[in-house]
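Thanks for coming, everyone. Let me put the sequence and the model on the screen, and then we can walk through it together.

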Amino acid sequence: MGSITLCLARAGKLDDALKYFKESVRISSSFAEGYNNIGMVYMQKGLYRESIKYFKKALEIKPDFLDARYNLLLALDKMKKSSKNTFK
């Protein structure tokens, strides 16, 4: 399921990819990579608050997960920049 879902995400079929990533964590709630992938989809959609929740969940499961830590920091930065642009 993983590589097909990643292909969907890369092809811009974010809602389809999100459905499969969510199914993966429903099947295995300890699948940190699945939570990270969900966070990536939300970040690509510009839904930074939502993405942050999923990156944090991935880090709860796997605290040393560097991709999730990097993605969390990136989402926080993007959210900060987007809120600055809102108030200009």
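Let's start at Lys57, which sits in helix 4, residues 48–61. By helix I mean a DSSP run of H or I with at least four residues, and by strand a run of E with at least two, numbered from the N terminus. At 31% relative accessibility, Lys57 is classed as partly exposed. For the cut-offs, buried is under 20% relative accessible area, exposed is over 50%, and partly exposed is in between, with a 1.4 Å probe and protein chains only. The C-alpha atom of Lys57 is 8.1 Å from that of Asn36, although 21 residues separate the two along the chain.

A word on where this comes from: it is a predicted model, where local features need pLDDT of at least 70 and side-chain atom pairs count only at pLDDT 80 or more, while totals for chains, interfaces and linings use all residues. Residues are numbered from 1 along each chain as its sequence is written, and side-chain values use heavy atoms, with hydrogens and water left out.

Staying in helix 4, is Ser51 buried or exposed? Ser51, also a helix 4 residue, is buried, at a relative accessible area of 0%. Apart from neighbours within four places in sequence, Ser51 touches Gly39, Tyr42, Met43 and Ala75; contact here means heavy atoms within 4.5 Å.

That brings us to helix 3 against helix 4. Their axes come within 8 Å and cross at roughly 165°; axes are lines fitted to C-alpha atoms, for helices over the stretch in contact, and angles run from 0 to 180 degrees between N-to-C directions. Helix 3 is therefore roughly antiparallel to helix 4. On that scale, under 35 degrees is roughly parallel, over 145 roughly antiparallel, 65 to 115 roughly perpendicular, and the rest oblique. From helix 3, the contact includes Asn36, Gly39 and Met43, and from helix 4 it includes Ser51, Tyr54 and Lys57. By class, this contact has eleven nonpolar, three polar and two charged residues. Nonpolar covers Ala, Val, Leu, Ile, Met, Phe, Trp, Tyr, Cys and Pro, charged covers Asp, Glu, Lys and Arg, and the others, Gly among them, are polar.

On its other partner, helix 3 (residues 32–44) meets helix 2 (residues 14–27), with axes within 9 Å and a crossing of roughly 155°. So helix 2 and helix 3 are roughly antiparallel too. Among the contact residues are Leu18, Phe21 and Val25 of helix 2, with Ile38, Val41 and Tyr42 of helix 3. The residues of this contact divide into nine nonpolar, four polar and one charged.

How many of the residues of helix 3 are buried? Ten of its 13 are, so the helix is mostly covered. Asn36, Asn37 and Gly39 are among the buried ones. Helix 3 reaches 19 Å from first to last C-alpha, close to the expected 18 Å, which is 1.5 Å times one less than its number of residues. Just after helix 3, Gly46 takes a positive phi of about 80°.

Now over to Leu76 in helix 5, residues 66–86. Leu76 is partly exposed at 36% relative accessible area, and its C-alpha atom is 7.2 Å from that of Ile52, 24 residues away along the chain.

Finally, the whole chain: five helices and zero strands. Of its 88 residues, 35% count as buried. Among contacts with a separation of 6 or more, 38% join residues 24 or more positions apart.
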